[in-house]
Structure formats: structure tokens, C-alpha cells
Amino acid sequence: MDAGPSLAPISIAYQTYGELNADRSNAILVCHALTGDQHVANEHPVTGKPGWWSAMVGPGRPIDTDRYFVICSNVIGGCLGSTGPASVNPETGSPWGLNLPVVTIRDMVRAQAMLIDHLGIETLFCVAGGSMGGMQVLQWVASYPERVFSALPIATASKHSAQNIAFHEVGRQAVMADPDWRGGRYAEFGVRPTKGLAVARMAAHITYLSEGALQRKFGRKLQDRSAPTFSFDADFQIENYLRYQGSSFVDRFDANSYLYVTRACDYFDLAADYDGTLARAFAGAATRFCVVSFTSDWLYPTSDARTIVHALNAASLPVSFVEIETDKGHDAFLLDEPDFMATTRGFLESAANARGIAQQAKAAAK
Amino acid sequence: MTSRISQATARVDLLLVADMVEPGARVLDVGCGDGALLEILTRDRKVDGRGIELSQAGVNGCVAKGLSVVQGDADTDLVDYPDDAFDYVILSQTLQATRRPRQVLERMLRIGRRAIVSFPNFGHWRIRSELMLKGRMPRTEALSYSWYDTPNIHLCTIRDFVQLVDELGASIDRAVALDRYGSEVRVDAPWWFWNMFGEQAVFLLHRKRG
């Protein structure tokens with residue numbers, strides 16, 4: 001691991017969709033975002049909700065599971081089956097907690113590469129992901145250029161900005177300020193810092209939206225009442241909405257995991273690993289890229305995407321770049337935005353034709 | 001009828017540009033629109049083609065066709081490309097819509113070994129006569145916008161362009177003028193004749209060494 005120590009053995013929880021074709025050329029690795037998981041396109045086992053990217057992944061979707069073999073694994077440091085701070089440290093028999101070495105984006109990608117080896121896949125047809133998933137996409141091409149045929153980094157950056165780190169730090173401090181956090185050893189005491197984690201999620205959730213979308217959706221509308229109550233109840237709909245986001249989040253996410261995955265993003269600075277020149281991270285790659293940003297995303301604004309595109313151009317890689325017009329903020333990458341879907345579909349189809357992937361993997365297998 | 005003529009003319013223009021590109025070259029098409037030229041170049045000349053396009057609709061169309069196109073602006077984004085990154089940098093019917101055409105041309109000559117520029121000739125006799133006889137801002141089939149809504153903010157004549165090329169210290173490898181029917185104006189004709197009868201022009205340029 002980048003932090004120094006080795007971590008073994010590790011568990012990686014993953015889901016697959018579709019079928020791997022005979023020449024093993026149709027595999028797409030989907031990398032999930034900060035609090036995502038491996039349940040891209042199936043009902044979530046905890047929440048019962050549809051997969052987090054069911055707009056993008058599924059039969060007939062842009063990432064078409066009738067044509068491609070789709071893999072998504074829970075990142076290490078996560079909390080849905082892969083090794084993370086809630087996993088048991090085999091040496092002590094109790095949960096790792098903060099004794100788990102700090103995980104980086106590169107560590108996550110190393111673990112994914114082991115999974116891809118395990119599945120017997122030499123070259124991935126595509127690595128795709130948004131936000132923290134997009135960072136993993138960039139890291140994949142930097143670490144394993146010959147193993148990635150095409151790459152789809154969405155709403156992401158090659159490094160975390162001061163503002164990004166600042167928001168993450170607010171979230172972490174909210175978790176740590178909860179008395180039930182207990183120095184990260186809450187599991188041993190049979191408690192959970194749900195209040196702190198909920199506040200962290202509420203603050204983070206604002207950054208995933210945009211001012212315009214908040215105004216359009218909530219404005220100053222009141223929640224089930226006709227006048228303010230002159231109290232600190234959730235009078236406004238936006239308050240109620242954020243409280244709901246916070247409280248539902250804690251049911252499916254581990255507080256220490258939140259510390260680890262936010263830290264992984266903060267430490268991400270791909271250029272820094274290559275003498276400060278981002279283009280060098282992509283030297284030797286022939287991967288075809290499609291970079292996507294969204295106009296109202298202020299967490300990873302279009303300027304971040306342009307930085308990536310310039311580096312890819314300087315490295316002479318075939319790159320496409322689209323900025324999608326939307327007021328839905330950073331979360332737009334999870335939504336069914338028609339231009340976004342059309343671009344992704346077109347990019348993957350042309351790449352699939354260049355790679356010689358048959359229209360339907362099943363048809364080719366027969 | 002008018003649109004058919006201008007379409008036919010545009011077609012010839014693209015083929016002319018494509019004809020100037022060596023097979024297998026590395027090409028950047030600045031303002032590539034819906035990717036029509038890049039498609040011709042990729043299919044017929046087997047180039048390694050890239051594009052820059054301002055409109056999202058254009059970029060989406062290109063990406064869907066499998067072309068490598070980035071959303072961007074000729075005026076601001078060429079600066080980011082390294083020297084000699086391409087064998088050819090093409091600016092097809094876009095020069096007159098840039099904010100700083102001289103700078104765009106300079107940058108094209110820096111990042112490409114050769115530059116290909118096509119543009120509508122504002123010196124064409126029909127345009128001259130519109131202004132002279134009617135006293136109105138010229139509107140022709142090739143330049144059909146009104147003065148108040150035109151994207152073409154830096155129109156020039158063939159003579160103007162030749163002078164700019166000279167000022168930039170570039171050399172003209174090849175120049176072709178097309179009349180309003182898309183036929184080439186006589187090659188041996190003098191500049192003034194081209195400037196009068198060419199409705200559009202295509203130039204192949206390279207930067208002088210040293």
C-alpha cells in the first residue's frame with residue numbers, strides 16, 4: 001500500500017452483469033464513487049433501491065449488459081464486503097478501525113487489478129466511473145496502460161482541490177465530534193456515531209447539487225405547514241430533505257469507512273506521482289478517452305476536466321471531451337441526462353467496433 | 001435550390017481540403033462541426049484525426065461517430081497543444097468566426113507542420129456589388145446572415161489573407177479558389193482575378209524555418 005505496510009489477505013466484494021465473451025475482450029470495469037458500492041445495476045441489498053447507476057448500466061443501456069461483461073467491486077476501505085475499517089484484523093480478532101493503513105486511490109486500483117487477474121481478464125475493454133470512480137479510471141490508465149482499451153472518466157479531477165479537501169474535512173470532523181465515535185472503536189462498544197455521520201452526509205450532499213437545482217426543487221417552500229413555527233424544527237423542505245439524506249445514509253454506510261474513502265480522494269494528485277506533469281502519467285498508453293463534465297458541477301468543475309484533456313492531448317492519446325449542459329450539479333452523472341447517455345453510448349459503440357466486440361456477446365458465443 | 005448549391009460547394013471544399021492531406025498523417029480539425037471532414041479524412045486518407053468543436057451538439061455527433069473530438073474554442077484552446085503536435089491543423093470555414101484570427105493562425109502554424117485554411121472570400125464580385133450598388137451589408141448564399149446576427153465577425157478577402165500569411169512569415173504551398181458553383185478558378189489566373197471570382201479559397205501553408 002502507498003502508506004507503507006502490506007495488507008493481506010484482503011477481501012473484494014464484487015458484482016458482475018452480462019457474459020464474458022470467448023476472447024475475453026468485452027469486460028467493462030465500473031468504479032464507484034465515494035459512498036457507492038458494487039451494486040451498480042441490481043437492487044441494493046440494504047436499501048432495496050435500484051442500483052446506483054441503473055440509468056447507465058443494464059440491458060439496452062449505454063453500458064449494455066447484453067453486449068458487455070460489466071464488473072463492479074467495492075473499493076478497499078469501503079464497507080460493503082471489501083476489506084475496510086469495519087473488517088476484522090486477523091492479527092487481533094477485532095475490527096481494524098483506524099489501525100487499517102490509510103487507503104489511496106492507487107491502492108483501490110491495485111486491489112481491482114488483482115480481481116481482474118482473478119477473473120482471467122488481460123485487457124479491460126473500458127474502465128468507467130464518476131467522481132472518485134473517475135479518479136480510479138485515471139489511475140488505472142496510469143498504472144496499467146496496456147490493460148485499458150478505453151476509459152470514461154466522468155465529473156472528476158486529476159487532483160483534489162483545497163475546496164474539495166475542506167468539505168471532506170468538515171465531514172470527517174463531524175464524524176469524530178460524535179461522542180459515539182469513540183476514537184474509531186465504536187464497534188467494540190456496540191454503538192455507532194450516526195449523528196456525526198448524518199451531518200457529514202448532509203454537508204456533502206449540498207456539494208453534489210447546485211444552487212439552481214436546490215432553488216428549483218425546494219426554494220423556500222415549507223414542510224407540511226403553512227407558516228414557520230419559530231423553532232428549530234425542519235420548517236423548510238430543504239431541511240427535511242437533508243435530514244432524510246443524512247439519516248438514510250447512516251443505515252448503509254460505516255463511519256470509519258467514510259473517513260477512509262474521503263481521505264483517499266484528498267490524497268489523490270496523479271501528476272504529483274509523475275514529477276508534477278500530468279501528461280507523463282499517460283505516457284505509453286494508447287487508451288482512447290472520453291472525458292465528461294457537467295456545467296453546474298462545482299465540486300469537479302469543467303476546468304478540472306480540461307486539465308485532464310490537455311494532459312491527454314499532450315500525451316497524444318485519442319481523447320473526446322464533452323461538457324454536458326445541466327443544472328443538476330455533480331450528481332448529474334448518476335442521472336438519466338439524455339446528452340450524457342447519448343455521448344457515452346456513441347463512445348462505447350465506436351470503441352467496441354474498433355475492438356471487434358460483437359453486437360451481442362451472447363450471439364457471438366453461439 | 002440555394003441550399004443545394006451551397007451544400008454542393010461545401011462538399012467540394014471538404015474534398016479539396018482532404019486532397020491536401022497526406023495519407024496516415026496526424027490531423028487536428030479546428031471547428032470540426034459534425035465531423036464530416038474528419039470522417040472523410042479517417043475513411044479515405046487513414047489519418048489519425050482529432051477535432052475541436054464549440055457546440056455540444058456537434059461534439060456529441062462526432063463522439064457518437066467514433067471521432068476523437070473535444071469541446072473547445074479555437075480562440076482559447078490551441079495554446080495548450082505542444083509544438084508540432086500534428087502534421088496538419090485544419091481550419092475549415094471557421095477563421096472568419098474567430099475573435100483573434102491572426103493569433104489562431106499563428107498557433108495553428110506552431111502546433112502543426114502545415115496548416116490548411118478555407119474561408120469565404122469577401123472580395124467576391126457579388127459581395128462587392130451588394131455593397132456598391134445596394135448600399136447594404138452583403139448577404140449571399142455563402143454568407144447568408146444579417147449584419148446583426150452573423151457569427152462571421154472577421155471576414156477577409158483572398159488578398160487580405162495572403163497579406164496576413166506574409167506578415168506571419170508563412171509560405172503558401174498551395175492555394176485554390178472555388179467559384180460559386182464549386183469549380184476551381186483558373187490556376188494560372190492572377191490574384192486579383194481570384195479575389196474577384198473566387199467565392200471561397202483553400203490555402204495550404206507551412207511555417208518558414210528559422
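I take the radius of gyration over C-alpha atoms, and the globule rule as 2.2 Å times the number of residues to the power 0.38. The model is predicted, so I use local features at pLDDT of at least 70 and side-chain atom pairs at pLDDT 80 or more, while totals for chains, interfaces and linings use all residues. Residues are numbered from 1 along each chain as its sequence is written, and chains are lettered from A and ligands numbered from 1 in the order in which they are written.

**Entry: chain B overall**

I looked up the radius of gyration of chain B and found 16 Å; a compact globule of 210 residues would have one near 17 Å, so the two agree. The C-alpha trace of chain B spans about 45 × 40 × 30 Å along its principal axes. I listed eight helices and seven strands in chain B (DSSP runs numbered from the N terminus: H or I of at least four residues for helices, E of at least two for strands).

I then looked up burial (buried means 20 or more other C-beta atoms within 10 Å of the residue's own, exposed 12 or fewer, partly exposed in between, with C-beta atoms placed from the backbone). Of the 210 residues in chain B, 42% are buried. For contacts I use C-beta atoms, placed from the backbone, that lie within 7 Å. Among contacts in chain B with a separation of 6 or more, 65% join residues 24 or more positions apart.

**Entry: chain B against chain A**

I find 14 residues of chain B and 20 residues of chain A in the contact. On the chain B side, α3 (56-64) and β3 (68-71) each give two or more residues. α3(B) gives the most, with five residues. That side of chain B has seven nonpolar, five polar and two charged residues (nonpolar: Ala, Val, Leu, Ile, Met, Phe, Trp, Tyr, Cys and Pro; charged: Asp, Glu, Lys and Arg; polar: the others, Gly among them).

**Entry: V59(B)**

I picked V59(B), which lies in helix α3 of chain B. V59(B) is buried because 28 other C-beta atoms lie within 10 Å. Neighbours within four places in sequence aside, V59(B) is in contact with V322(A), E53(B), V69(B) and Q71(B). C32(B) is 27 residues from V59(B) in sequence, and their C-alpha atoms are 8.6 Å apart.

Note on methods. Two residues are in contact if their C-beta atoms, placed from the backbone, lie within 7 Å.
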